[in-house]
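The sequence and the structure are shown first.

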Amino acid sequence: MADKHSPSAGILATLAWRNLWRNYRRTLIMLTAIVVGVWAMILFSAMMRGMLDEMVQAGLRVLPGEVQVHHPDYQDDPSVVNSMSAPKGKLLQVLNTPPVTAWTTRLKVPGMISSERDNRGVLLLGVDPAGEIALGFDPGDIVQGRFLESADDKGIVIGRKLAERLETRLGKRVVIMSQNPYNDVADRGVRIVGIYRARLQATEELFVYTSRALLQKMLEVEDEISEVAITADNYEHVDAWWRDIDAAAGPDLDTQPWTVLDAYLGSMYEIQGTMNVIIMVIIFIALSFGLVNTLVMAVFERVREIGLMMALGMRPQWIMYQVLLESLMLLSLGLVIGNALATATVLPLESGIDISVVGDGLEMYGMGATLYPTLALEDMLMSTLIVLVLGLLASLIPAWRASRYNPVEALTKT
Amino acid sequence: MSITTRLAWRNLWRHGRRTWLTVGAMIFCNTLLIFLISFQFGVYSLMIDSALSVVTGHLQVQHSEYNDDPRLRYSVPYGIALAERLRSETKIEAMAARGTAFALASSEKRSFGIQVMGVQPTFEPLVSTLPGLVKKGRYLNNNSSDEIVIGSVLARNLKVGVGDEITLLGSGRDGSFAAGVATVVGIISSGMNNLDRSIAQVPLDYFQAVFSMGEQISSIVVNVDTLSAVAERKSELTATINEPDLVVLDWDELQPGLQQAIQADLFSAFVMYAVLIVLVSFSVLNTQLMSVLERTREFGVMMALGMRPGSLARLVFLETATMSLLGLAFGCILGAAVATYFQVNGVYIPGMEAAMEQYNLPGELYPQVSIISVMLGPLIVFTGCMVAAIYPAVRLYGLQPVAAMRAV
Amino acid sequence: MSALSCNKLTKTFTQGSQTIKGLDDVSIAIAEGSFVCLSGPSGSGKTTLLNAMGGLDTPDSGEILVGDMRVDQMNKSDLADMRLHNIGFVFQSYNLIPVLTAQENIEFVMQIQGIPADQRSAKSREILAEVGLADHEGRRPAQLSGGQQQRVAVARAIVSNPTLVLADEPTANLDSVTATQLMDLFAELNQSRGITFVIATHDARVMEYCRRLIKMEDGKIISDQEQPGRGANV
């Protein structure tokens, strides 16, 4: 403070700190409450973040590629008719520059798969195996056999659950069927060379991998593809670059980020931040009654002292600063301990919590059966900000009241 | 009013502001809990309702293997007759027989693999909301005609309209080749994409003919009046059927995800509630401890006059109880008012449309206010507050009158 | 020039349904360096007058001048500054901030004046020695006797070299030996530093020290006379 009559902050700090510990029981109770509150704030946001991350990861794992380019009619009518040629020119150029880390093309059409025993409707994916792996397909998810090995591999890879449904197994032949652009049903017998597992059962039942060349040949569409899938290895930052792809792809193609491709995930992702803040604010409000109460009591007990300080020439606003400083110290202490405690709680859990008891329910939310809480600096800062700002706002009432005492009345209070 | 009650009441208002702040914390917490719990109840029952009323129903009679492995060969023999018998013996009206099979549906332009359902046009509307959602054309009205109603997205994908033909190809129950051509008579639009993409219904007799089912069906779907009656109806049906190969499954067995989704949500919500309740209890602990400490001298005098520590502890509990009751009463009134307001007017959460669709929910949600949803939270808060008073009360037992009177 | 002058001060309080005249048309001028006692029974208005002089309380009407400053026209912050720089207070009890040590209590005033730490420390030790408490700087108020607490209060009152020290019943809680010692300290400071003292009291031992004795009753000055003060020479 530049004012020559300003007290050094030192004396205010000394007073605030010592006053805080005058009634140590009350301070400790309030401190515990703040610690519990802050701990809960961070724990909840870590859980939410973990849940959401799990949902998005699972969602993106289903068909990797945070940004996808399609024929404009493909989304509405995912037929082989609505396919396009492989990227070239400007689009190809953008795909090969950072931040894009990998991209691949797929021919993706609805079809049927039949074993000797049964048949199912599935989504046939004609892929480039190397491209899929670069994009995020984990070969470790192959539980039997192998993944496709080349862009013209003659085999087929299906999900564990689908194999069960079809009563078939590795090495058996199945027939895949789909419609070609001439409205004829094309089919082909293929051998199951691999069986994969996925986080969601629905995925295992739906996606069937063939090589891109095989599917193109079966459907008589040389070089045609349904989509270009692109990744930059960070789904959170997709907003920063997907428009560049969009611009390069031009108006004749439809470019969409995952938040649009999967509206459910996108909206969950959107509201997550707001939800976090709402939960934090609710916890804070529950806390604030106790905080205000503690400060009101602290001021009430010290009315005479406040009168004395005023008589000695302390300006009313410094009395206010002193109460606010006391509150700030209490809040900061609570924040430090709360954050430390939350970190200590969440870190060991980051390796995953098994919640398969409600696994089917979580599948409904689009989640796997393991929750990985994620500690984020962002959430810790947000909770700190909320506690400090709202805490000081709530403390303004008792602090302001303290500064409004009339010194004579305050001094004579018993 | 006894002297202790009067004493407790007056003591509370010695520090009116403090008391109100503590009561305020309870009111806030109670109001919030009532609203949230009512809201959850509302959402859950809506989730269950909308999930079950579309296709699943409350109960289904199936072959014992069918639920785990839905194949045509795991079927219910003479299903239509069985449904008739059950209807007359159990007096449950809402009962319909169905057949379900997988087929490749082709129009002139497109083909898709779909789930085809054979239904009884007379009874299906009693167990499902779909017949009421026909937006173009009409629902099925004849048990054996070669007609089909499909979802609007499927119609768009197949590029067909009312009057067009769809070819169904699949395999029959005996493994033979199954084929049929049906005319689209109606298009169902539920507003939910996933549903509108997959619905395809044909008359049951026609279904049985196409898929070589003979007198077999896949399941009998049963709807009961309320969720709470499900268990009773289930055992009644099981007893009436009395066939070792057949089972009656309730909605929880048919859609295990639903119940678990609710449990998962309920659990995470209760953790949050627990934190709120703990915070309010701390507030009470603080207030009561302060109030006991500042009255040390007074308590010393009272003990010197012959009051036992037990009576003082009772006084502290009485004060806490009074305060908590205030919080309970005001919280319940306010909470019930807020929840009822939204029960009437609905809650709309912007930005949640896609999430709602995922759970088959409409855009507006309605809390469900009941005695349980109103009392559950506040009673736990009340208990939490009383527990918080234990420490301040117990401290009184260690009080020495002389030392206490000298305390400042 | 007078250190302090009051002109036609009035102040009324309401107590229950009664209206009490705390100050009833009080005019008074106090010369620099004087040693004045305000006496009278409780409720006579002496504390009210003292508080008005120190800007702790505002009169309903009338003028108060400390030096050439119009106290009655100041806002709260100016009043606080005026008290900080020009006036020292000593109260009957509860004079010290309980969480601060003796030395910190003295430094408190200097700190809010914005005096650098090195000067503060030296000066507070010096002044503690002057009031005879050289070895007690680290004690908190609860660890000091009543007399010692009042001495610390006096030390604090004079540390910022005020022109005026206002004391309200400073000896009320002290035994006679301690009270005499405190009054000797006042008289000595009055002489050595020329500080003006105005003391509200109904303690006869205190009145003996004053060179001007103003008696009040029902908010009015009923007598105002010079007298040879004990222990003080002009």
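In this predicted model, chain C holds an open sheet of 4 strands with antiparallel pairing, in the order E2-E1-E4-E5. Its edges are formed by strand E2 (18-31) and strand E5 (69-70) of chain C, each of which pairs on one side only. Strand E1 (residues 2-15) of chain C runs antiparallel to E2(C), and 10 bridges join the two. Within this pair, Gln15(C) stands opposite Gln18(C) of E2(C).

Chain C also contains an open sheet of 6 strands with mixed pairing, whose order is E6-E7-E8-E3-E9-E10. Here the edge strands, pairing on one side only, are strand E6 (87-90) and strand E10 (220-226) of chain C. On average, and with direction ignored, neighbouring strands of this sheet are turned by 15° against each other.

E6(C) and strand E7 (residues 164-168) of chain C run parallel and are joined by 4 bridges; Val90(C) has Ala167(C) in E7(C) as its bridge partner. Across E6 and E7 of chain C lies helix H5 (residues 146-159) of chain C, which runs at about 170° to E6(C).

The next step leads from E7(C) to E8(C), which run parallel and are joined by 5 bridges. One bridge partner pair consists of Leu164(C) and, in E8(C), Thr196(C).

How many residues of strand E8 (residues 196-201) of chain C are buried? The strand is mostly covered, with 6 of its 6 residues buried. In a regular strand, side chains alternate between the two faces of the sheet. In E8(C), one side carries Thr196(C), Val198(C) and Ala200(C) and the other Phe197(C), Ile199(C) and Thr201(C); all are buried, so that both faces are covered. E8(C) is also joined by 5 bridges to strand E3 (residues 35-39) of chain C, to which it runs parallel, and Cys37(C) stands opposite Ile199(C) of E8(C).

Chain C also meets chain A: 25 residues of chain A are in contact with 21 residues of chain C. On the side of chain A that touches chain C, helix H1 (9-20), helix H11 (303-311) and helix H15 (407-412) of chain A each give two or more residues. H11(A) gives the most, with 6 residues.

Terms used
Residues numbered from 1 in each chain as written. Chains lettered and ligands numbered in written order. Predicted model: local features only at pLDDT ≥ 70, side-chain atom pairs only at ≥ 80, totals over all residues. Pairing = 2+ DSSP bridges. Contact = placed C-beta atoms within 7 Å. Axes fitted to C-alpha atoms, helices over the stretch in contact; angles between N-to-C directions. Buried ≥ 20, exposed ≤ 12 C-beta atoms within 10 Å, placed from the backbone.
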